[in-house]
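Please look over the sequence and the model before reading on.

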Amino acid sequence: MNDFFQENKKVAKVIHEVADLANYLWQKGWAERNAGNISVNLSDIIEDVDLDLDNYPKFELAQPYPALGNKFFFVTGTGKRMRDLAQNPMKNACIIKLNKKADSYHIISMKKRNLYNFRPTSELPTHLLVHNQLVESGSTKRAVVHTHPNELVAMTQIPKFQNAETLNKTLWGMHPEAFVFVPRGVFMVPYILPGSHKIADATVVGFEQGHEVVIWEKHGAFAIGDTVSDAFDMIDILSKSARIWFMAKQSGFEPEGLNEEQLLELKDAFLK
Ligand SMILES: [Zn+2]
């Protein structure tokens, strides 16, 4: 099966993009140890694969994802390092196929005998719930990225920024392009245990409301995009704003930000 994925140029391109992104995340210092996880819906580019699923390990899901029956995903592995994934994506990530009822999945990029302790990311509940929402809503977005961007996480340690309205106004105010590229701003999820179904349920609300970035208080960011690069760009732009805010504070000034009139002008020009 590995041969099939290497020969399928569209799948190989996605895997290459994920490996490149894993490298960026590591270089940015947003992917310490095994931090971060990525998934991509491959169902548009894997159509007819003749699989004897009995040859591949099967895992039950705690709940069904009704829009994801028979769909394929590239998913990073739990406990795997982004810096290793950048070098060897097929050993640090896998391709899964959900069953028809979407209440279990097979790992189809590894044979049973090669599986050892490999499992998809511990944040699989959030990834699948977000993909379920994207498919249900007819979105073109296929990629979901979770990472730990230092400055954005640091801002959520400051009580006044645990409120989305204040955080968005501040991030937009640090650089106009933060508004141009993320005009709906971020959705804030208060601190919840990572890897839980509770955090998945809270996160999907932000994407249902049309946001493209969800911030997990004191933890990290979740973003969606047509590709993994698009999802990364959203977090990168907001991180730049957060960095500018800290740089101004560190030099002893209260950052001024854009005023109401300037923000309204941006809204008129860019919020469709
Ligand atoms: Zn995390």
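What distance separates the centres of domain 1 and domain 2, taken over C-alpha atoms? The centres of the two domains are 28 Å apart. The contact (heavy atoms within 4.5 Å) takes 15 residues from domain 1 and eleven residues from domain 2. Domain 1 covers residues 1-122 and domain 2 covers residues 149-272, with bounds that come from an automatic or database domain assignment.

This is a predicted model, in which local features need pLDDT of at least 70 and side-chain atom pairs count only at pLDDT 80 or more, while totals for chains, interfaces and linings use all residues. Residues are numbered from 1 along each chain as its sequence is written, and side-chain values use heavy atoms, with hydrogens and water left out.

**Between the domains**

| Item between domain 1 and domain 2 | Value |
|---|---|
| Buried area | about 1,000 Å² |
| Part of the buried area on carbon and sulfur atoms | 63% |
| Salt bridges | one salt bridge |
| Polar contacts (both residues at pLDDT 80 or more) | three residue pairs |

Buried area is the accessible area (1.4 Å probe) that two parts lose on being put together, summed over both. A polar contact is a pair of N or O atoms within 3.5 Å; within protein, one must be able to donate a hydrogen and the other to accept it, and residues adjacent in sequence count only if both atoms are side-chain atoms.

On the side of domain 1 that touches domain 2, the elements giving two or more residues are helix H2 (9-27) and strand S1 (37-41). Helices (H or I, at least four residues) and strands (E, at least two) are DSSP runs, numbered from the N terminus. H2 supplies the largest share, five residues.

**A salt bridge across the sequence**

The structure holds nine salt bridges, each a side-chain nitrogen of Lys or Arg within 4 Å of a carboxyl oxygen of Asp or Glu. In one of them, aspartate 236 pairs with lysine 28, the closest N and O atoms being 3.0 Å apart. Aspartate 236 lies in helix H10 (residues 228-250) and lysine 28 in the loop between H2 and S1, so the pair ties together parts that are 208 residues apart in sequence.
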